[in-house]
Amino acid sequence: MSGVPKMEKKEPAGNRPESRPVDAEYERQLVRQAQKGDASAYEELVRMHHPRLLAVVSGILRRSEDSEDVAQQVLVKAYVSLKRFDLRSAFGTWLYKIAVNECLDYFRKKKVRRTVYESDLSEEQLRQIEVAPAHTGGPGRGRDDAATRAQERQLLDRLLSELDDSDRTMLVMKEVSGFTVEEIGEAFGLNVNTVKVRMFRARARLVEAYERRLKSRPNMHPRSS
Amino acid sequence: MFNFKQRACQKYRTRMEDYLQWPQAAERDGELADHLRSCAECREMFAAAQLSRRFFADGEPQTREFPPSEPFVARVMAAIREQEKRVSAPGPLWQPLEILASRFAVVAAVVLLALCVFLGEFAPALRQPELASATAATEISGDWPEPPAQPATQDEILMSVVDVDNGI
């Protein structure tokens, strides 16, 4: 990978791990104490990690009302299997691995495929949704327009719902929660190149889904990319 | 040839994922830029991948914050205590019976299975001599028709000839 510049990390949503600096040694100490059965040490770990965990789970589940329950389940499961955690990776990395599995499990159980249905929206709303990204000049446009934002979010949700659960989770972790491909690889137990190829393919599928929508509505304006 | 091309494209696609944030930088990576010029499929995928980032930029809130929530922490710790209580609490009085019953069920299933296998495998062999003698007995006595009784006297012979002539 010579010639590939070192990329800066994207910092969306203020959810980056760096946004809440965690003293690694202090965290290890807490983990060791919790492994010995010190519940207050684990409580401190929960206090340190839950804001980001909630953001990540909520991002993966696409703001489902079950996000808090799933995050809670993740923390309980982590506590139960804490004795098996060998401290080779950071506690956070291990926690997000559990979170990813729990979210995928949630998808399997609930069969959550589509969060927004076309029938929920009027023809005019649909037209607006699907034209919006084509005319978007970038993240600055229409930020104050709550309705447009909601519609763009619905479009994203709908496009994401066409992806496979794990591909969608990878993309959301990268684009929404700001995980690096290395962190995603660790969470999924995959090597970095596999993650990159899968995400790249998932992106193409996302756009395919978008273009299929455009084609199914011939009266729509074509995408001007 | 196709596999070779596919593998080459895959190699470039991992790099394209790296360049998504700065597509202009891809131009400076000579090898990748050459590939993009020659491979329409990769070129399209690269453009699509860039567009996909825009969906996220437009569709996701830029400042989604989850502030620390003490009630949530309290709920988690309560759930953990509940879980621990459930694990360490002694079961109901009939629990040993349940365990015994489940073990008995397993043993019974194994015995039944063994019996079925035994009957299926060995029972025909055990019954074979019995069957053989029964068959022999049938051969001697059962299956052949009884021969007609022979006329004993001359009168009976004449009577049978008359019967035949009369169509009886």
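**Helix packing and cores**

Let me start where the two chains meet: α3(A) passes α5(B) in a right-handed crossing. Please keep in mind that this is a predicted model.

The general idea is that two packed helices are described by the angle between their axes and the distance between the axes. For α3(A) and helix α5 of chain B, residues 70-88, that angle is about 50° and the axes are 9 Å apart. The two helices, α3(A) and α5(B), are therefore oblique to each other.

Which residues of α3(A) and α5(B) meet? From α3(A) they are Glu68(A), Ala71(A), Gln72(A), Leu75(A), Val76(A), Tyr79(A) and Val80(A). Facing them in α5(B) are Phe72(B), Arg75(B), Val76(B), Ala79(B), Ile80(B), Gln83(B) and Glu84(B). Sorted by class, the contact of α3(A) with α5(B) holds nine nonpolar, two polar and three charged residues.

Now stay with α3(A), residues 67-80, and turn to its packing against α4(A), residues 91-110. Here the angle is about 130°, and the axes are 9 Å apart. This pair, α3(A) and α4(A), is therefore oblique too. The crossing of α3(A) and α4(A) is right-handed. On the α3(A) side the contact is made by Val70(A), Gln73(A), Val74(A), Leu75(A), Lys77(A) and Ala78(A). On the α4(A) side we have Trp94(A), Leu95(A), Ile98(A), Ala99(A), Glu102(A), Cys103(A) and Tyr106(A). That contact divides into ten nonpolar residues, one polar and two charged.

Between α3 and α4 of chain A there is a loop, and Leu87(A) lies in it. Leu87(A) is not a glycine, yet its phi is positive, at about 65°. As background, most residues other than glycine have a negative phi. Is Leu87(A) buried or exposed? Leu87(A) has a relative accessible area of 14%, and the cut-off for buried is under 20%, so Leu87(A) counts as buried.

Next, the cores. In soluble globular proteins, nonpolar side chains tend to be buried together. The largest nonpolar core in this model has 68 residues. Those with the most contacts inside that core are Tyr42(A), Leu53(A), Phe91(A) and Phe55(B). Which element gives this core its largest share? That is α4(A), with eleven residues. Take Leu53(A) as an example: leaving out residues up to four places away in sequence, Leu53(A) touches Ala71(A), Val74(A), Leu75(A), Leu95(A), Tyr96(A) and Ala99(A).

Chain B has seven helices and zero strands. Of its 168 residues, 23% are buried. Counting contacts in chain B with a separation of 6 or more, 38% are between residues 24 or more positions apart.

One last residue. Thr14(B) sits in helix α1 of chain B, which covers residues 2-19. Why does Thr14(B) count as buried? Because its relative accessibility is 8%, against a cut-off of under 20%. What does Thr14(B) touch? Leaving out residues up to four places away in sequence, Thr14(B) touches Asn193(A), Lys196(A) and Val197(A).

That is what I had; I will take questions now.

Note on methods
Residues are numbered from 1 along each chain as its sequence is written. Chains are lettered from A and ligands numbered from 1 in the order in which they are written. This is a predicted model: local features need pLDDT of at least 70, side-chain atom pairs count only at pLDDT 80 or more; totals for chains, interfaces and linings use all residues. Side-chain values use heavy atoms; hydrogens and water are left out. Axes are lines fitted to C-alpha atoms, for helices over the stretch in contact, and angles run from 0 to 180 degrees between N-to-C directions. Helices (H or I, at least four residues) and strands (E, at least two) are DSSP runs, numbered from the N terminus. Angles under 35 degrees count as roughly parallel, over 145 as roughly antiparallel, 65 to 115 as roughly perpendicular and the rest as oblique. A crossing is left-handed if the near helix is turned anticlockwise from the far one by less than a right angle, and right-handed if clockwise. Contact means heavy atoms within 4.5 Å. Ala, Val, Leu, Ile, Met, Phe, Trp, Tyr, Cys and Pro count as nonpolar, Asp, Glu, Lys and Arg as charged, and the others, Gly among them, as polar. A nonpolar core is a set of buried Ala, Val, Leu, Ile, Met, Phe, Trp, Tyr and Cys residues joined through side-chain atoms within 4.5 Å. Buried means under 20% relative accessible area, exposed over 50%, partly exposed in between (1.4 Å probe, protein chains only).
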